[in-house]
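Here is a short briefing on ring contacts and backbone angles. The structure comes first, then the points by topic.

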Amino acid sequence: MSPPIADLSLDLDNLWAYLRTHGDAQWETFPSYLPTVVPHFLEIFDRLDLRATVFVVGQDAALEKNHAPLRQIVDAGHEIGNHSFNHEPWLQRYSREQLVDEFEQTEAALAKLTDQAIVGFRGPGFSLSADVLQLLCQRGYQFDGSTFPTFLGPMARAYYLMTSTFSSAEKEDRSEMFGSLRDGLRPLKPYWWTTPSGRVLELPVSTIPIVRAPFHFSYLCFLAQVSPRLAELYFRIALAICRLTRTSPSLLLHPLDFLGGDEVPQLSFFPGMKLTGDVKRAFSERMLAIYAKQFEVLPMGEHAVRIGTKVTNSRTF
């Protein structure tokens, strides 16, 4: 019997994007760790024979200094997705004109790196709006991966704001980051978003069915600070519940799942950064090997093609 299918994606959030979101003025020179982290995760993917969807920030694609590592991703056969241009996790507050500009700038920058058709989108910080969905349909996107059905979003936002030094206006901009309790009620399985301009397939970032707790790798690395064995057990239980409920996992990675606090001290505030880079990479590779053994792992675009005709559920935003 063939294994159930699943998908794998990586949001290529760069050092400057984290600093900017955290309110650190160092972001303005666009510091980058892409030359360091890209070879790390590409080597792991290659050893495990995995292909992923890598959501690239348009601003990074627009800067010449990032072209070499980004082309490494393309040359290795991975799918490229749109992760916005400015990586501001309050995209739902943008006007339609601002959104159009975000899409146009990102698509133009990515076109200089790859001749792939860009068919997938994920909003930074899981930000999404009716206007975004309508633009995805109008611009020919096949899938969105911006929903994160968990009830823990408000807790993550509270922690994030508590560890920052934002002004009142900046906190207001970020007041909807990571979603609301209502987002925890969204479907865990793929469904269609229906808009006046057509429909686009939603592939939610997976949380554990029933309890809707996260199991993306940043969360696993946070648990691994306490106990790697506990983190592995948690991951295995999450995958087992997905299989029992016939939920195809959509597993999310970030660059900081492959970099430690010893390598990026500027991001010591980020969960999981007490681990060293070597420990994190060994842990993430071990978890990805478990994932690849239990599922046929696809990039999100291939996952969307394989299941699109079978998905009958639809929603409006």
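Arg 20 lies over the face of Trp 27, 4.2 Å from the ring centre. A charge counts as over a ring if NZ of Lys or CZ of Arg is within 6 Å of the ring centre and within 35 degrees of the ring normal. This is a predicted model: local features need pLDDT of at least 70, side-chain atom pairs count only at pLDDT 80 or more, and totals for chains, interfaces and linings use all residues. Residues are numbered from 1 along each chain as its sequence is written, and side-chain values use heavy atoms, with hydrogens and water left out.

**Charge over ring**
- Arg 199 places its charged end over the ring of Trp 192, at 3.8 Å from the centre.

**Aromatic pairs**
- A search of the whole structure gives 18 aromatic pairs.
- Rings of Phe, Tyr and Trp (its six-membered ring) pair if their centres lie within 6.5 Å; planes under 30 degrees apart are stacked, over 60 edge-to-face, and the rest tilted.
- Tyr 18 and Phe 270 make an edge-to-face pair, with 5.2 Å between centres and 65 degrees between planes.
- That pair links distant parts of the chain, 252 residues apart: Tyr 18 is in helix α1 (residues 15–22), and Phe 270 is in the loop between β8 (250–253) and α11 (277–294).
- Helices (H or I, at least four residues) and strands (E, at least two) are DSSP runs, numbered from the N terminus.
- Tyr 18 counts as buried because its relative accessibility is 10%.
- Phe 270 is buried too, at 18% relative accessible area.
- The cut-offs are under 20% relative accessible area for buried, over 50% for exposed, and partly exposed in between (1.4 Å probe, protein chains only).

**The phenylalanine pair and its cluster**
- Phe 215 and Phe 235 have ring centres 6.3 Å apart and planes at 50 degrees, so the pair is tilted.
- Phe 215 lies in the loop between β7 (198–202) and α9 (217–226) and Phe 235 in helix α10 (residues 228–244), so the pair ties together parts 20 residues apart in sequence.
- Both Phe 215 and Phe 235 are buried.
- Ring pairs join Phe 215, Phe 217, Phe 235, Tyr 291 and Phe 295 into a cluster.

**Positive phi**
- Most residues other than glycine have a negative phi.
- Phe 30 has a positive phi, near 55 degrees.
- Phe 30 sits in the loop between α1 and α2 (34–48), and is buried at 19% relative accessible area.
- Ile 210 also has a positive phi, near 80 degrees.
- Ile 210 belongs to the loop between β7 and α9, and is exposed at 73%.
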